Amino acid sequence: MATDKFEHATFYLTKDQVENIKKLAKENQISRSALVRMIIREYLARQDGDKKLG
């Protein structure tokens with residue numbers, strides 16, 4: 001994905017969250033990294049939406 005601006009974010013997950021991601025990935029037959037990217041995109045979209053509302 002090409003963007004005009006590089007952004008870096010660090011997310012810390014609990015052991016339970018990691019286990020849930022592994023379980024979801026296996027159930028949905030998707031790689032864990034792809035699932036994490038989807039979760040992060042959703043999180044960032046919500047953050048962006050909150051900024052626009054506030």
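Modeller: A helix here is a DSSP run of H or I with at least four residues, a strand is a run of E with at least two, and both are numbered from the N terminus. By that rule the protein has 2 helices and 0 strands. The model is predicted.

The residues that line the second largest pocket are F11, L13, Q17, N20, I21, L24, V36, I39, I40 and Y43. Both helices take part: α1, which covers residues 15–27, and α2 each give at least two residues to this lining. Sorted by class, the lining holds 8 nonpolar and 2 polar residues, and no charged ones.

Two of these lining residues can be followed further. I21 sits in helix α1. Its relative accessibility is 10%, which is under 20%, so I21 counts as buried. The C-alpha atoms of I21 and L35 are 7.3 Å apart in space, although these residues are 14 apart in sequence. Buried residues account for 7% of the 54 residues in the protein.

Y43 is the other one, and its place is in helix α2, which spans residues 32–53. Y43 has a relative accessible area of 40% and is therefore partly exposed, since that value lies between the limits of 20% and 50%. Besides lining the pocket, Y43 belongs to a nonpolar surface patch together with F11 and L44. A residue needs over 30% relative accessible area to join a patch, so Y43 qualifies on that point. The accessible area of F11, Y43 and L44 together is about 280 Å². For the protein, the accessible surface comes to about 5400 Å², and carbon and sulfur atoms make up 53% of it.

The charged side chains are another matter. The lining of the second largest pocket has none, but a search of the whole structure finds 2 salt bridges. In one, K22 pairs with E19, with 3.7 Å between the closest N and O atoms. Since K22 and E19 are 3 residues apart in helix α1, about one helical turn separates them. K22 is partly exposed at 36% relative accessible area, and E19 is partly exposed at 38%. In the other, E42 pairs with R46, and the closest N and O atoms are 3.0 Å apart. Both E42 and R46 lie in helix α2, 4 residues or about one turn apart. E42 is partly exposed, with 42% relative accessibility. R46 reaches 55%, which is over 50%, so R46 counts as exposed.

What remains is the connection between the helices. Q29 lies in the loop between α1 and α2. Most residues other than glycine have a negative phi. Q29 is not a glycine, yet its phi is positive, at about 50°. Q29 is also exposed, with a relative accessible area of 76%.

To return to the pocket: α1 and α2 both contribute to the lining, and 8 of the lining residues are nonpolar.

Notes: Residues numbered from 1 in each chain as written. Predicted model: local features only at pLDDT ≥ 70, side-chain atom pairs only at ≥ 80, totals over all residues. Heavy atoms only, no water. Patch = residues over 30% accessible without salt bridge, like charges linked within 9 Å, V, L, I, M, F, W, Y side chains within 5 Å. Areas by Shrake-Rupley, 256 points an atom, 1.4 Å probe, with all protein chains shown as cover. Salt bridge = Lys/Arg side-chain N within 4 Å of Asp/Glu carboxyl O. Buried < 20%, exposed > 50% of the residue type's maximum accessible area, 1.4 Å probe, protein only. 1 Å grid on protein atoms, 1.4 Å probe; cavity = no way out; pocket = protein on both sides within 12 Å on 5 of 7 lines; lining within 4 Å. Nonpolar A, V, L, I, M, F, W, Y, C, P; charged D, E, K, R; others polar.
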